[in-house]
Amino acid sequence: MDLLNTLVDKGLRRELPTREEALAVLATSDDELLDVVAAAGKVRRQWFGRRVKLNYLVNLKSGLCPEDCSYCSQRLGSKAEILKYTWLKPDDASKAAAAGVAGGAKRVCLVASGRGPTDKDVDRVSETISAIKEQNEGVEVCACLGLLSDGQAGRLRAAGADAYNHNLNTSEATYGDICTTHDFSDRVSTVQQAQAAGMSACSGLIAGMGESDADLVDVVYALRELDPDSVPVNFLIPFEGTPLAKEWNLTPQRALRILAMVRFVCPDIEVRLAGGREVHLRSMQPLALHLVNSIFLGDYLTSEGQAGQDDLAMIEDAGFEVEGTDTTTLPEHRRQCGDGAADEAAAEAEAPATTVPAPSDETRRDLVSVRRRGAGTDLPPNA
């Protein structure tokens with residue numbers, strides 16, 4: 001297929017595809033799916049070999065968020081029956097993180113619900129970062145605390161935070177449809193503050209919220225412009241008790257096409273398979289490893305993932321290897337320059353959005369399992 005040959009050539013040169021090409025990837029048929037995966041896999045292997053980076057989430061504070069993000073089980077007004085608790089003590093958070101590190105995680109992601117941290121919250125998280133790094137040599141720590149105020153990014157960096165996560169989630173044009181308590185520019189600003197403070201930026205998207213193909217391409221191009229080091233791709237987990245509980249728009253095939261499109265647009269950036277992979281990719285998760293080079297190990301913020309040992313077995317069975325702490329994730333040119341430095345394609349041709357598949361009448365609500373173990377409970381974590 002000429003399209004895929006062109007995209008592979010551009011990916012190997014770190015050249016940005018046109019919008020028309022990105023949209024065309026999403027419009028490919030199921031019959032062409034393995035060709036798409038194979039093509040994007042060539043780009044993935046060029047920059048990351050067969051390594052898979054493992055990341056582990058620790059939910060420092062769960063639920064009771066004042067923001068109204070429609071996709072979130074922790075949102076204002078959520079009726080989802082999730083765990084709710086206030087800040088974990090640094091030692092408890094460090095113990096939770098140690099379980100992930102013991103399971104092979106190279107990065108620990110510290111997440112807290114809320115609009116953004118107070119200065120006291122930054123102090124708490126700083127203590128937690130210190131505790132984790134003291135007990136786990138070589139581990140990376142990423143903070144995800146919401147919108148940052150002036151000076152907070154610098155304080156987190158000084159405390160030892162290696163990275164900061166704040167996702168764009170969806171396109172700027174449709175952001176107001178999923179959230180009214182802050183806007184797209186607030187999210188962009190927080191990512192830029194993290195970068196300015198010297199932290200590695202981690203910013204991604206959520207697919208499956210009813211968006212068009214054009215929206216998906218828009219948010220991935222916005223991410224490419226921000227140039228984060230890591231792009232997590234989440235697939236909506238339709239929690240009962242949230243406004244998007246009925247949004248079952250994804251098939252495993254569509255999820256793979258989305259991941260392939262992200263890889264072509266972000267060839268040399270860490271692409272992380274994040275929340276919702278078990279729900280929407282199901283038995284096709286191993287194919288996704290040919291597109292992404294990073295996954296979360298075990299559970300998520302408020303939902304349970306598959307067993308950590310199953311994750312490790314999947315990676316091995318698919319012919320990949322877990323990336324060790326002695327390996328740097330990013331290609332050398334990104335480590336040296338701090339950005340992709342790729343020549344961007346001039347053409348920005350628009351193409352009409354393809355039709356998003358209609359939700360199936362047989363939705364698999366049994367696949368959404370609320371987290372009841374790990375951080376905030378007396379039960380051991382899944383790692």
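Colleague: How far apart do the centres of the positive and negative side chains lie?

Modeller: This is a predicted model. The chain carries 40 positive and 58 negative side chains. The centres of these two sets are separated by 4 Å.

Colleague: Which radius of gyration does the chain have, and why is the chain described as being as compact as a globular protein of that length?

Modeller: The chain folds into 14 helices and 10 strands. For 383 residues the globule rule gives 21 Å, and the value for the chain is close to this, so the chain is as compact as a globular protein of that length. The radius of gyration is 19 Å.

Colleague: What percentage of the residues of the chain count as buried?

Modeller: A residue counts as buried when its relative accessible area is under 20%. The accessible surface of the chain comes to about 15100 Å², with 47% of it belonging to carbon and sulfur atoms. Of the 383 residues, the buried share is 59%.

Colleague: In strand β7, which residues point the other way from Ser230, Pro232 and Asn234?

Modeller: Strand β7 covers residues 230-235, and six of its six residues are buried. In a regular strand, side chains alternate between the two faces of the sheet. Ser230, Pro232 and Asn234 point one way from β7; pointing the other way are Val231, Val233 and Phe235.

Colleague: Which residue in β7 stands opposite leucine 205?

Modeller: Strand β6, residues 205-207, runs parallel to β7 and is joined to it by three bridges. Opposite leucine 205, the residue in β7 is valine 233.

Key:
Residues numbered from 1 in each chain as written. Predicted model: local features only at pLDDT ≥ 70, side-chain atom pairs only at ≥ 80, totals over all residues. Heavy atoms only, no water. Helix = DSSP H or I, 4+ residues; strand = E, 2+ residues; numbered from the N terminus. Rg over C-alpha atoms; globule rule 2.2 N^0.38 Å. Buried < 20%, exposed > 50% of the residue type's maximum accessible area, 1.4 Å probe, protein only. Areas by Shrake-Rupley, 256 points an atom, 1.4 Å probe, with all protein chains shown as cover. Lys, Arg positive; Asp, Glu negative; His and termini not counted. Charge placed at Lys NZ, Arg CZ, Asp CG, Glu CD. Pairing = 2+ DSSP bridges.
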